[in-house]
Amino acid sequence: MAIYRPTWAGVSQKAFASNLRALRAFIGRSVQILAVLKADAYGHGAVLLAKAAVQNGATHIGISSLEEGIALREAGVKAPLLILGGVYPLQNFDVALKFNLIPTVASQEAAEALRKAAFRRNKKAAFHLKVDTGMGRIGVSVEHAKRVLEWIKNQKEIRLAGVYSHLAAAGSDAEFTKAQLAHFNDVKQHVSALRFQGVLFHIANSTALLHDKSTHYHMVRPGLSLYGAAPTGSSPPVTLLPVLSWQTKIIFLKKVSAGTSISYDRTYRAKNDREIATLPVGYADGVPRRVSNKGFVLVKGARCPIVGRVTMDHIMIDVTGLSAKVGDDVMLVGRQGKETISVWDWAGWAETIPYEIFCGLSKRVPRVPV
Ligand SMILES: *Cc1c(COP(=O)(O)O)cnc(C)c1O
């Protein structure tokens, strides 16, 4: 579809590839990488980045649902695809097998349903077992894992290809993380005792990958860091390049005098003569309404405040003294001259996390490979 409105997100496969390579160099050759491309690659476009992921050494791709896996298969992605979310209803294991997607099994019932689906298709179904070591989301409990593993051991229609868990507080609670790892090691020992072969153990998200090498096991599962955002506020031990930029242009410009109010509810009033520009981007595109009178964008390399309420389709900014013109480029996320605005900045203004800013970028914003 043609793009007329000058609002788009640039997605750099080169930056993504560079991040993946940097993470690989950091973890070393013996550890595999599952590139987490769920939620359409955190809003960046999974089809675009799946190919870059595979070309740059990811051995697996993680997605959230059958739908996301099917979209990648239909785009010609051949790599092993692990569905990180729970499959429900359980008959849907048949869809996973049909599209050659590796399902997560998070309960005994799920394991039995997968066995049935595999039997019907006359296939040996590979899967990863999810163990809940403290996240409290999905997964068999550590105690129950042992029984489930013993049952799995005796089934010839299904194959345990991986065992994994998810850290709840990798960046915020070292003690709890240690306890989760201890539980995970317990399960690992049991898997060894049962003499399963070739089972991949994995637990590390971006934070754990970058800040605690004891979490690497056989494979790591970076998401956020692949997109060039540090997963914690502190600077990471590798160079990460932002993959996404978010841009628009000034479409309207006016001079206002003291007392003039801007946007809904008149929350902004000019204190003196100001130049106010209008941008064709709003909360329907993913600008959080919470950044009203709080956030900034870049015009001519200068940080310009968002004035007044964010509206559905537009925001207004103060460009006083910049000699800005209609048609001037505006960076919402990215660099202009010496200034940079990051998703962490947006997350701060909106009192959220970079993940939500990325995922909030709506379908209406075209993703353009750059
Ligand atoms: C989203 C997710 C990840 C990636 O986490 P980041 O913090 O983005 O690196 C890893 N594992 C699972 C199970 C996830 O759901």
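Analyst: Happy to! Let's start with serine 323, which counts as exposed because its relative accessibility is 51% (exposed means over 50% relative accessible area, buried under 20% and partly exposed in between, with a 1.4 Å probe and protein chains only). This is a predicted model, in which local features need pLDDT of at least 70, side-chain atom pairs count only at pLDDT 80 or more, and totals for chains, interfaces and linings use all residues. Residues are numbered from 1 along each chain as its sequence is written, and side-chain values use heavy atoms, with hydrogens and water left out.

Back to serine 323: its phi is positive, near 50°, in a residue other than glycine. Serine 323 sits in the loop that runs between β18 (315-318) and β19 (329-336); helices (H or I, at least four residues) and strands (E, at least two) are DSSP runs, numbered from the N terminus.

Arginine 195 also has a positive phi, about 60°, although it is not a glycine. Its setting is the loop between α8 (174-193) and β9 (200-204), and arginine 195 counts as exposed because its relative accessibility is 65%.

Tyrosine 88 and proline 89 are joined in the cis form, with omega about -5°. Proline 89 belongs to the loop between β4 and α5 (93-98).

Why do these spots stand out? Because most residues other than glycine have a negative phi, and most peptide bonds are trans.

When you have the model open, then, you can look for the cis bond between tyrosine 88 and proline 89, the positive phi of arginine 195 and the positive phi of serine 323.
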